[in-house]
Amino acid sequence: SSSALIVLEGGPLLPADLLPCCPRYSADARRPKLAMAQKSGRELVLEQLHVHKTHELIPKSGKVVAFDLELSLRHALDALAEHNLAHAPLWDSARQEFVTVLQGEDFAQLLARYGREAAAGAAGAHGGLSARPADEVTIREMLRACRPSPTALAFASLVPDESLYAAVQRMIERRLHHLPLIDGGVGVAPGPPSHQGGPPLPEPAAAPGSGSTILHVLTPLRVLNCIVHSPMFQSDVGMFGERIMDLGIATLLPNHGAAASVVTAALTAAGLAEGMPAGPTDAAAHGGVQGEAVCMAALAGAPLWHALMLVGQHGGSTLPVVDSVDSLVVMNVLTEERVLAFARSLPPVDLHTPLSTALGSPPPPEGVACRPTDSLHAVMAAFSRHHAERLCITDDGGRLLGMVTVLDVLKFFTT
């Protein structure tokens, strides 16, 4: 029922003009320029990540949308669209705690399951999820069907008094793209949240996710934006002028042939490339550098559900779509927003529609790709400008060579 929807309102913890993501503020502005000149950009960023706290990134005004596990998929999808979100923390009423974060890859897994069942002629068999309308399937049921172990890991979160460095380390260690900041009784809270329906939340407790109020859901891109919008970054392009191919911070293959081998291996491992040879998907095994993401791609002529399966298995907000394994020319990308749009059409669109047809016109190339010779400054600016968590790395002919993620960049600054 709709009463399972919880909306938590959150207020500011600091005035907006003190946020490190605000171009007007930087602790570096008060330092002697000589001292700054003696430090590299990497050292200055690391220093700032240690100094600033996660509560400084909580928006001046905003809200956190959370769902109860018993909420229907239809209500969840409608709420995500209404609030322009691609994720939401999940509350378990039975356990009285937050347990995980719902994200686009969960819906990709569900749609891929529908497509696979239809391809096998088993759609709707045995009363499965695909036989039921979206308003009769709960989030809990979807997670049980689509996640090997829905809530096996402890709920990953941080309290607002932790440093940005601690937040980045947590995201890297757990490969998280959404890290809730909780009021667990530590630090200054912005005031009691208001609830629109749903079970009342208990008083704060020490256990992660149990009895806590979520103040904000932090993302790697939010942290990166703090760096990109700082005067240090804006005023000194040369400080971050190294080429990403020289820094070893991305998943990058040495040539087109090696990239084709990795993409083929990824398709074979997913069961989507019959007759193709199996092999390692680690770029390092092919003479490249392995970052946070697997170098993979969906074929433009393949069914839509093939691409959804890759997103569901490997996660990520951007999946390259290439013309063929032989040439690997990037034609388009499947984004998390498009996955949710397909999910909102439940019962789904024809999941056997060719991917190129389902996606339609491609986005501008500069919005989805970069070059190995691009500077770190250019790549970071592209992430921020296009609100992207991942970028394809292509050669001058537009052929896929790898992937770079925001987590790759943050890991460079913190390790």
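Let's start in helix H3, residues 73-82, where Leu73, Ala76, Leu77, Ala79 and Leu80 are buried. Buried here means under 20% relative accessible area, while exposed is over 50% and partly exposed is in between, using a 1.4 Å probe and protein chains only. These five residues cover an arc of only 165° around the axis, so they sit on the same side of H3. That arc is taken from the directions from the helix axis to the C-beta atoms. Helices (H or I, at least four residues) and strands (E, at least two) are DSSP runs, numbered from the N terminus. After H3 comes Asn84, with a positive phi near 55°.

Before we go on, this is a predicted model: local features need pLDDT of at least 70, side-chain atom pairs count only at pLDDT 80 or more, and totals for chains, interfaces and linings use all residues. Residues are numbered from 1 along each chain as its sequence is written, and side-chain values use heavy atoms, with hydrogens and water left out.

Now for the rings. The whole structure holds 5 aromatic pairs; rings of Phe, Tyr and Trp (its six-membered ring) pair if their centres lie within 6.5 Å, and planes under 30 degrees apart are stacked, over 60 edge-to-face, and the rest tilted. Trp91 and Phe98 have ring centres 4.9 Å apart and planes at 70°, so they are edge-to-face. Phe98 also pairs with Phe155, this time stacked, at 6.3 Å centre to centre and 25° between the planes. Phe98 lies in strand E4 (residues 97-103) and Phe155 in the loop between helix H5 (139-146) and helix H6 (164-174), so this pair ties together parts 57 residues apart in sequence. Both Phe98 and Phe155 are buried.

What about charges? A salt bridge is a side-chain nitrogen of Lys or Arg within 4 Å of a carboxyl oxygen of Asp or Glu, and the count comes to 9. In one of them, Arg140 meets Glu70, with the closest N and O atoms 2.5 Å apart. Arg140 is in helix H5 and Glu70 in the loop between strand E2 (62-68) and H3, 70 residues apart. Arg140 counts as buried because its relative accessibility is 19%, whereas Glu70, at 37%, is partly exposed.

Another salt bridge joins Asp106 and Arg147, with 2.8 Å between the closest N and O atoms. Asp106 lies in helix H4 (residues 104-119) and Arg147 in the loop between H5 and H6, so the pair ties together parts 41 residues apart in sequence.
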